[in-house]
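Dear colleague,

Please find the structure below, handed over for your records. My notes on what was found in it follow.

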2 protein chains.
Amino acid sequence: MSKDYGSFSCKPNLKVAIYGVGWIGGSIARLLLTKKGLEIVGAVDFAQAKVGRDLGEIVGAEKPLGVKVTKDAEELFSTVKPDVVVHATSSYFRDVYPQLEEIVKHGVNVVSTCEELSYPYFSSGELAAKLDALAKKHKVAVLGTGVNPGFVMDTLPIVLSGVCQEIRNIKVERVMDASTRRMPFQKKIGAGLTVDEFREKIRNKQITGHVGLEQSVAMIADALGWSLQAVELGVVEPVVAEKPVKSKEIKVERGKVAGLRQSARGIMHSKPVITLLFEAYIGAEEEYDSITIEGVPKICEKISPCVHGDLATAAIVVNMIPKVVNSEPGLKTMKDLPLPSAVLGDIRRTILRFG
Amino acid sequence: MSKDYGSFSCKPNLKVAIYGVGWIGGSIARLLLTKKGLEIVGAVDFAQAKVGRDLGEIVGAEKPLGVKVTKDAEELFSTVKPDVVVHATSSYFRDVYPQLEEIVKHGVNVVSTCEELSYPYFSSGELAAKLDALAKKHKVAVLGTGVNPGFVMDTLPIVLSGVCQEIRNIKVERVMDASTRRMPFQKKIGAGLTVDEFREKIRNKQITGHVGLEQSVAMIADALGWSLQAVELGVVEPVVAEKPVKSKEIKVERGKVAGLRQSARGIMHSKPVITLLFEAYIGAEEEYDSITIEGVPKICEKISPCVHGDLATAAIVVNMIPKVVNSEPGLKTMKDLPLPSAVLGDIRRTILRFG
């Protein structure tokens with residue numbers, strides 16, 4: 001009735017280390033603790049408040065895990081040899097490159113939430129080629145993923161394009177009601193500010209907007225074989241409340257900023273062929289992820305409510321672990337690996353070299 | 001801005017042969033003719049009315065293709081050596097096995113529309129293991145795909161599960177308005193019959209219903225790591241018209257059969273955890289493909305109207321060619337290969353050994 005994977009229950013657990021124990025790293029750690037056939041063997045963080053403490057205590061696990069957070073990644077990788085590192089420190093490829101290099105040099109696979117790493121050829125083709133060569137030399141695979149970039153605005157439209165004979169253009173929208181999200185996210189999108197305050201924070205980079213739209217555009221084009229002239233990133237715009245709206249934490253008066261809106265476009269033959277629109281604000285009447293492919297056949301797809309960002313990011317990072325561990329060596333993107341899928345059984349069943 | 005694939009324009013075209021020049025084989029041939037970087041080098045069919053004729057004439061191409069349809073597959077594969085065969089002859093794995101064996105023994109990759117081949121471990125694990133070994137010996141890959149099975153009721157729910165931390169159950173529905181489909185399809189689902197005539201045709205297997213629901217259930221479970229107790233296939237039921245409905249070709253009076261309904265369930269711990277529902281009838285008010293994942297997070301996804309079956313099947317067969325040609329050898333399913341994606345540029349760009 002189903003494929004036979006042989007016996008795996010006597011195999012050793014898959015060894016996972018966590019690099020970056022912030023909000024996302026913490027939620028990934030908690031999710032890993034619920035999975036069978038793996039164990040957390042180490043944790044790296046540079047915050048003085050975390051170094052030396054038990055990981056379980058920091059992430060709010062039920063009991064201590066016997067894993068002390070260290071700032072010495074080098075030593076960790078030399079003593080316990082993880083099969084894979086879950087990496088969650090920064091959004092920018094250049095910033096995380098030295099960390100990735102250190103992990104890869106120790107022969108350890110990487111799944112990272114670094115937004116730019118989801119399609120690293122966009123921000124730096126040279127550094128991407130260097131990391132690819134290094135990963136191949138040390139026979140490991142490296143992947144950047146997450147809910148966005150990594151899934152709703154790139155992986156999913158790419159998958160849907162698979163049933164199309166021809167495509168004229170693709171439009172992807174993600175609209176989130178920020179009131180259902182954690183407080184730091186609401187702050188990050190400027191909820192409650194005046195429009196002037198919002199623009200000031202954009203100028204001095206206290207509000208950066210969403211990172212990854214350009215990567216998603218470039219990855220879709222690459223998957224389809226479209227050579228874009230340009231990827232245009234729109235400015236980050238405030239979404240101004242037309243009536244008072246509020247979350248549990250923030251009240252937004254009429255005329256003030258409820259959140260933000262951003263877009264990116266892929267241009268070919270002087271026309272936009274890929275358009276991504278991202279909106280996150282308090283009071284959105286409908287939260288959704290939608291994909292419209294104008295092609296043969298036409299595809300109109302919608303996920304409503306939108307995929308929950310925090311839950312989904314932890315999920316996809318963990319779910320991609322077997323795909324990365326099984327991959328041929330090199331720098332990979334979501335489009336290079338087998339279909340993502342939830343890991344609900346013993347993870348060792350999915351690890352080919354254990355088969 | 002995007003990954004560099006080097007030069008491919010001086011590479012030879014990818015050579016494709018078509019095995020089975022029926023409705024689907026013909027539409028695949030027409031689609032192949034629109035793609036860059038490949039050429040059709042042969043065609044196999046056993047119908048006397050087709051053998052010896054030019055493929056272009058049979059499929060309604062604008063001009064002759066210089067490819068004569070042959071019934072001698074053996075000779076074709078020995079003289080022109082295709083890179084890949086597109087195979088579209090029958091729904092049943094056992095029926096097509098000798099054909100697949102012959103193709104594979106000549107060292108040719110296969111993309112097939114055979115429904116049971118989409119997850120061949122369900123109907124015959126032994127034959128699947130034999131084909132896998134043969135494909136590995138001859139260093140080629142074999143894939144069964146299509147819109148359903150192959151995409152809307154298996155690949156897509158598997159991909160969506162990738163953002164889930166845990167899943168309680170999955171429900172997938174495909175509802176088609178048969179009036180928008182070709183006449184043979186409307187006949188195949190019994191439109192216009194009385195309920196007695198319908199049941200008689202079910203008994204004597206003139207109406208078989210949709211093939212592939214069990215394969216889709218089993219493939220989803222395999223992808224998630226769920227060990228099912230059973231896959232239950234419901235009986236094929238008539239959808240009875242509650243008011244007169246019609247297509248261009250068929251009028252259905254009230255009380256007569258407008259089409260059919262089928263379901264399949266995957267059972268675990270004595271509960272249905274995967275439910276697939278397929279309906280195709282004249283007069284469906286909404287055509288859609290929907291997926292509901294009860295999990296963390298919950299996912300409610302819908303494609304409306306439903307993905308057009310004929311257009312999408314030709315598309316995904318052609319679009320999977322590069323994934324199959326690039327694959328490591330063996331028998332593969334959609335979940336084992338990289339994300340499906342439309343082939344819109346020169347197909348040679350996507351062929352790794354040309355890189």
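Two strands are taken to pair if DSSP finds at least two bridges between them; helices (H or I, at least four residues) and strands (E, at least two) are DSSP runs, numbered from the N terminus. The model is predicted: local features need pLDDT of at least 70, side-chain atom pairs count only at pLDDT 80 or more, and totals for chains, interfaces and linings use all residues. Residues are numbered from 1 along each chain as its sequence is written, chains are lettered from A and ligands numbered from 1 in the order in which they are written, and side-chain values use heavy atoms, with hydrogens and water left out.

In chain B, strand β2 (residues 38-44) runs parallel to strand β3 (residues 69-70), joined by 2 bridges. B:Ala43 has B:Val69 of β3(B) as its bridge partner. Strand β1 (residues 14-19) of chain B also pairs with β2(B) in the parallel sense, over 6 bridges, and B:Leu14 stands opposite B:Leu38. The chain passes from β1(B) to β2(B) through helix α1 (residues 23-32) in a right-handed β-α-β crossover (with the strands pointing away from the viewer, the path from the first strand over the helix to the second runs clockwise). Of the 7 residues of β2(B), 6 are buried (under 20% relative accessible area, 1.4 Å probe, protein chains only).

Yours sincerely

Definitions and conventions: Buried < 20%, exposed > 50% of the residue type's maximum accessible area, 1.4 Å probe, protein only.
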